[in-house]
Every structure is written in structure tokens, then in C-alpha cells.
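Please open the model in the viewer and keep the selection panel at hand.

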Amino acid sequence: MKRISWTEFTNLTVSDRIPHLGKENDPAEPFHVLYAQQFSRPVLDELCLLADHIRKLHKTKEGADFLRARLSHRTAMNLFAQPSTRTWMSFQLAEQNLGMPTSDIRDVSTSSQAKGETLQNSIRTFSSYVDLIVMRHPDRGAAELAAYEMNMADRRIPVFNGGSGQDQHPTQALLDIYTLQKSLGEIDGKKIAMVGDLMRGRTVRSLSYLMKNYKGVEIYYVAPERLRIGDDIKEFLKRQHIRYTESDNLEAIIPIVDAVYMTRIQWEWDKAAGATTQDAKYDPRFVFKKEYLGRMKQKSCLLHPLPKINEIDSELDYVEDARVVYWRQERNGMWIRAALIARVFDVDKEIMAHAAE
Ligand code: CP
């Protein structure tokens with residue numbers, strides 16, 4: 001791995017950074033996972049297939065024992081400097097299902113960062129003990145700093161971005177793709193509505209980037225005026241020739257699209273200005289009402305990265321309808337994250353071979 005300075009690294013475009021995030025012997029293959037743009041169509045397809053096999057193997061004791069023996073000699077660290085329920089839990093269980101003992105820091109005030117230790121020194125310290133770091137951080141660029149630190153260290157271990165500021169959440173986008181594919185059969189040619197806080201929602205940003213891998217996709221961004229999708233994403237879509245429309249009329253879009261991806265208002269970014277959960281309550285025009293389900297296409301799906309507040313009618317939580325997939329979507333996160341870890345640690349082929357037996 002060519003060593004470059006932090007300034008040189010941060011001056012690179014995301015495309016030019018990607019080879020620095022790859023495996024030593026194959027720079028195009030993700031090692032550190034920071035950006036959705038790192039994933040190609042073949043890699044996405046293989047990860048989805050691997051996740052299916054892991055899920056099936058895990059149903060039997062023999063299969064679960066086989067999986068647990070794959071990485072029982074490796075360890076993982078989950079550093080979550082921001083609140084999380086499902087990313088943290090699904091990563092922890094993905095690691096454990098592959099046999100990895102895990103360590104967790106969920107409150108950095110209990111770590112030596114509270115004494116003034118830099119993030120770089122903390123990361124270097126974790127890498128003395130573990131073989132994988134998964135991190136969520138409120139600051140844009142924190143995951144890059146950690147991955148860069150690992151590139152400069154003798155003991156280079158992978159860093160996975162479990163959510164960085166308002167920027168990206170690449171492994172959420174992987175589970176969203178996995179869920180879309182399982183629900184719709186294929187993603188090529190599909191119309192997808194992304195609804196809610198599109199300005200600060202990192203899941204929408206990462207999912208939009210992944211759409212470069214699918215032919216003929218059309219995106220409908222539905223948001224209140226002050227929370228519209230960023231210009232950088234729109235520029236990206238234009239460069240990739242991906243069609244998109246902006247709208248503030250969710251009701252009109254429901255019958256047209258194949259998938260509705262709801263998101264919540266991220267009020268926590270306005271905390272300094274005195275915002276509370278009350279400020280997350282939606283304008284009713286952006287709430288998915290129960291009756292909308294009946295207006296969706298027969299083969300379509302309603303997703304949400306969760307957590308949610310009131311942007312989906314809570315009665316839908318209990319509806320038995322194959323189109324309501326957000327609970328399955330969060331479970332899918334555990335399988336696709338296990339597939340990602342297996343691929344980065346090169347045990348994917350042996351899992352595929354065992355599953356085929
Ligand atoms: N979707 C997601 O990132 O959820 P958590 O914040 O609970 O991890």
C-alpha cells in the first residue's frame with residue numbers, strides 16, 4: 001500500500017481514494033468500507049448471494065457451528081460514538097455468528113479519549129488487540145481518519161463505517177439493496193421513492209450512490225422544502241445518467257413506484273438550536289398513511305432504515321402484507337454484514353462451498 005500524507009489523501013476525490021481502501025493484493029476489492037461508491041455490481045450480487053447462504057446455514061446447528069468456526073481466531077471492536085440500536089446489534093451478532101469475540105465502546109466518555117487521547121491513537125490502540133474495527137461517529141471524516149491511520153500502521157486491520165455524520169452509512173445501503181432485491185426480484189428498471197429528511201439522512205445518500213450499479217432505475221425524492229436532497233447527490237446522479245425527480249407529493253407517487261423508502265426527521269442535528277423529538281413530527285403530507293398500502297403496486301415494498309417516529313402509520317407495524325418489509329429489512333442487516341465480514345476476511349468461498357454441499 002503506497003503511503004501518502006493525510007493532506008494528499010483528503011485532497012483526492014472519493015474515486016481516487018478507493019484504491020487506498022482496498023485489499024493489498026487487490027485494491028479494487030473493499031478492505032476498509034467507508035463509501036457506498038466502493039461497491040460494484042458483481043460485488044453486490046455476490047454479497048447478496050453469500051448473505052442468503054449464511055442465512056440458510058444459520059438455520060441448523062451444523063450450519064451455525066460451521067459458520068462460528070470460520071473466524072473464531074479473529075476479534076472485532078465496535079466503537080459507537082453515536083447512539084445506535086440495529087447497526088451496533090446486527091454487526092455484533094454478525095461478528096459472533098462468524099465466531100469472532102467482540103469488544104464494544106458505546107460511550108467514549110468511558111474511554112481514554114475522555115483524557116484527551118486522539119481518535120488516531122485510540123484506533124491504533126484498538127488495532128493492537130483486534131482484527132476489525134466497526135465505527136459510528138458524529139463527525140464527517142472520522143472513519144476516513146481511522147482507515148488512514150490503519151494504512152499507516154504496521155498492523156493494517158479493516159475499518160468499517162457504521163455511519164459517519166450526515167455523510168454516509170454504506171453498510172445500511174448494502175442491507176437496503178439486499179432487501180430490495182429479495183422483495184422485488186431485481187432492482188434494474190425499478191422506480192424508488194426516498195422520502196423524508198433527505199438533507200441529513202446518510203442512509204438515503206449511500207443508497208443513492210449504490211444505484212449507479214443498476215440499469216434504468218428512477219428515483220423520486222420526496223421531502224419538505226428545507227430537507228431536500230443535496231446538490232452533490234444530484235450532480236452524482238446526473239453524471240451517472242440516473243433519472244430523478246423531486247416532489248413534495250407522496251400520495252401522488254405511491255401508485256407509480258416499486259419501492260417507498262421512508263426516513264425520519266433527524267431532529268438531533270438541531271439539538272443545539274433547542275430541537276426536541278416534537279420537532280421530528282412530520283408535516284402529514286410526508287407521512288405514509290395506512291390507506292396508502294392499498295394503493296401500492298402488488299409487487300412493491302415499503303422500507304425504512306429505522307428508527308422511525310411517526311412518519312409511518314404505526315398500525316402498519318402489525319399488518320400482515322408482504323409489501324411491509326421494514327422489520328425483515330433490519331434482520332437482513334445481520335446477514336449482509338456477516339457476508340461483508342466473511343468477504344473481507346476471505347472466508348466467503350469456503351462458506352459458499354459448504355452451502356453448496
Ligand atoms: N438504521 C440504523 O442505522 O439504525 P441504528 O441507528 O439503530 O443503528
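Which elements each supply at least two residues of the lining of the second largest pocket? In this predicted model, they are β2 (26-30), α12 (326-344) and α13 (348-356).

**The second largest pocket.** Select Lys23, Phe31, Val344, Phe345 and Asp346, which are the closest to the centre of this pocket among the 19 residues that line it. The volume here is about 380 Å³. Colour the lining by class to find 13 charged residues, 5 nonpolar and 1 polar.

**The largest pocket.** Next, select Pro83, Arg136, Arg202, Arg264 and Glu268, which lie nearest the centre of the largest pocket. The space inside is about 630 Å³. By class, the lining holds 10 polar, 8 nonpolar and 6 charged residues. Colour the model by domain as well: domain 1 (6-169 + 333-356) and domain 2 (170-331) each contribute at least three residues to this lining.

**The ligand.** Then turn to the individual contacts. A polar side-chain atom of Ser84 is 2.6 Å from a ligand oxygen atom, and one of His169 is 2.9 Å from an oxygen atom of the ligand. At Leu306, a backbone N or O atom lies 2.8 Å from a nitrogen atom of the ligand. Finally, show the surface: the ligand taken alone exposes 260 Å², of which the protein buries 91%.

Note on methods:
Residues are numbered from 1 along each chain as its sequence is written. This is a predicted model: local features need pLDDT of at least 70, side-chain atom pairs count only at pLDDT 80 or more; totals for chains, interfaces and linings use all residues. Side-chain values use heavy atoms; hydrogens and water are left out. On a 1 Å grid over the protein atoms alone, a cavity is a set of points where a 1.4 Å probe fits but cannot get out, and a pocket is an open set with protein on both sides within 12 Å along at least five of seven lines; lining residues have an atom within 4 Å of a point. Grid points are joined across faces, edges and corners, and a volume is the space filled by probe spheres set on the points. Ala, Val, Leu, Ile, Met, Phe, Trp, Tyr, Cys and Pro count as nonpolar, Asp, Glu, Lys and Arg as charged, and the others, Gly among them, as polar. Domain bounds come from an automatic or database domain assignment. Helices (H or I, at least four residues) and strands (E, at least two) are DSSP runs, numbered from the N terminus. A polar contact is a pair of N or O atoms within 3.5 Å; within protein, one must be able to donate a hydrogen and the other to accept it, and residues adjacent in sequence count only if both atoms are side-chain atoms. Accessible areas come from the Shrake-Rupley method with a 1.4 Å probe; for residues, only the protein chains shown count as cover.
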